[in-house]
Every structure is written in C-alpha cells, then in structure tokens.
Amino acid sequence: MTDTVVVIYSGGMDSFTLLHLARARGYWVHALSFDYGQRHVRELECARDVCAELGIPHKVIDIRALAEVMSGSALTDNVAVPEGHYEEESMKATVVPNRNMILLSLATGYAVTAGAEAVWYGAHGGDHAIYPDCRPEFVQKMDAVCRVANYQPVGIDAPFMGSDKGAILAEGVKLGLDYSRTWTCYNGRDKACGRCGSCVERLEAFAENGLTDPLPYEVAR
C-alpha cells in the first residue's frame, strides 16, 4: 500500500472536487487528463491551470488517434449536443464508446509506473441511468480486473458513486473550493451555454445548495 493515487482529472466540477478530496484525505496525487478529440479544450485548460497552481504532477495524454474507434458521440463528432435535463434517450448521444474502460486502463498503467495504489475517477450516482461505464457493476468489475492485471495491484475507486451532483458540490463547498476554476459545458464558447444537459445539471446542483454558480452563462439564470 502507498499513499499515492492517480486521479483522472477532466477539469470539470466533479473531477475538480475529487482531486481536492484526495488531497484532503492525505493522498499524494498524480493528475491524469486525456485529449480524446472532445469538442473543446476548455476543461483541459482548467485542469492544467489548477494543477500548476497546486504543484500537482499532471499529464495530458493525447489519444485522438483512437477517434476512429470512439466515434458517434455528440462530444467528439458533428452531432448536435442535446439540451435540457439529463434524460436517458436524449443523453445517449453524449456517450463516447467505451471511454471509461479505455481511460481507466491507461490510468492503471500510469498508476503502476507512479507506484500508486489506486485510480480515482468521478463517476457519480446521477450518471447511472445514462452511462453504462459509470454504474457500480462496471466499477466493481474494473476494480477486480485491475487488481490482477499487473504484478502491482491497482484499485479502481469512484468515491462519488453514491452521490448526485448536488452532494458533490456540497462536499466541495465544505472543502472551500472555487468552482470558477472548472468548466462543465459541453460547448467551448466564451460563456457556458446554460442549455446542454451538463449545464442544466450543474445549475441545479448550485440551486440545490442555495448558491450561485460563479461561471458566466449565455442565458439568464
């Protein structure tokens, strides 16, 4: 066992909270981000800036060459981004095929290299209905595989598995986090759109906690 974990850090509010939670629990953190050909790099820029400020080792892995086998998503292709509340049928368009299995596999390799005991990622309870690779069964089975895939066992941990976005934000508020350092919108414009499912869910989380989101939005709130 070590006191080191690899955190898959997109730069969004969930992984931002996760990164700080790992630090608050006393872990030495290695942050790992991925460029998989997503629509924009706003999240990656946020991740870079936060890690630089905190002095956290941060790697950004370019896996755009995998685009041909991870296509068909509104997050990577010329497909309209669904708007409104997260609903299973409409938000299926945002599923990137096998993304988390690929990212967790790469992160596990990095964990072995870094001598880390586990990989943390930000799957949460609000994602279960939409994203198969954010469900408890997936996490449990990836954890089992990654513990036997190398000479050094690496656990897969999703600390927010039982939480929704409101609860994640509440955890971050307790940690005193500044969410202006994050980006959640599926679009990468100067302001968050306020209409895509990701924005709507984020705004609902702030409202649930009686707070105002510090990000600027294109639509009135």
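This note goes through the sheet, the helices packed on it and the nonpolar cores of a predicted model.

1. The sheet. Five strands make up an open sheet with parallel pairing, and their order is β3-β2-β1-β4-β5. The edges are taken by β3 (58-62) and β5 (155-157); each has a single partner strand, so one side of each lacks a neighbour in the sheet. On average, neighbouring strands are turned by 25° against each other, direction ignored.

2. Strand β1. This strand is mostly covered, with 5 of its 5 residues buried.

3. Partners of β1. With β2, β1 pairs in the parallel sense over 5 bridges; here V5 has V29 of β2 as its bridge partner. With β4, β1 also runs parallel, and 3 bridges join the two. On that side V7 stands opposite W120 in β4.

4. The β2-β3 pairing. β2 and β3 are joined in the parallel sense by 5 bridges.

5. Helix α1. Residues 13-24 form α1, which packs on the sheet and touches β1, β2 and β4 (118-120). The direction of α1 makes about 170° with that of β1. Together, β1, α1 and β2 form a β-α-β unit that is right-handed.

6. Helix α2. This helix, residues 42-54, lies across β2 and β3. Relative to β2, α2 runs at about 155°.

7. The largest nonpolar core. It holds 35 residues, and V6, I8, L104, V119, Y121 and I156 have the most contacts inside it. At least two residues of this core come from each of β1 (4-8), β2 (28-35), α4 (99-114) and α5 (136-148). The helix α4 gives the most, with 5 residues.

8. V119 in detail. Which residues is V119 in contact with, leaving aside its neighbours within four places in sequence? They are V6, I8, L104, A107, T108, A111, V154, G155, I156 and D157.

Note on methods
Residues are numbered from 1 along each chain as its sequence is written. This is a predicted model: local features need pLDDT of at least 70, side-chain atom pairs count only at pLDDT 80 or more; totals for chains, interfaces and linings use all residues. Side-chain values use heavy atoms; hydrogens and water are left out. A nonpolar core is a set of buried Ala, Val, Leu, Ile, Met, Phe, Trp, Tyr and Cys residues joined through side-chain atoms within 4.5 Å. Buried means under 20% relative accessible area, exposed over 50%, partly exposed in between (1.4 Å probe, protein chains only). Helices (H or I, at least four residues) and strands (E, at least two) are DSSP runs, numbered from the N terminus. Contact means heavy atoms within 4.5 Å. Two strands pair if DSSP finds at least two bridges between them. Axes are lines fitted to C-alpha atoms, for helices over the stretch in contact, and angles run from 0 to 180 degrees between N-to-C directions. A crossover is right-handed if, with the strands pointing away from the viewer, the path from the first strand over the helix to the second runs clockwise.
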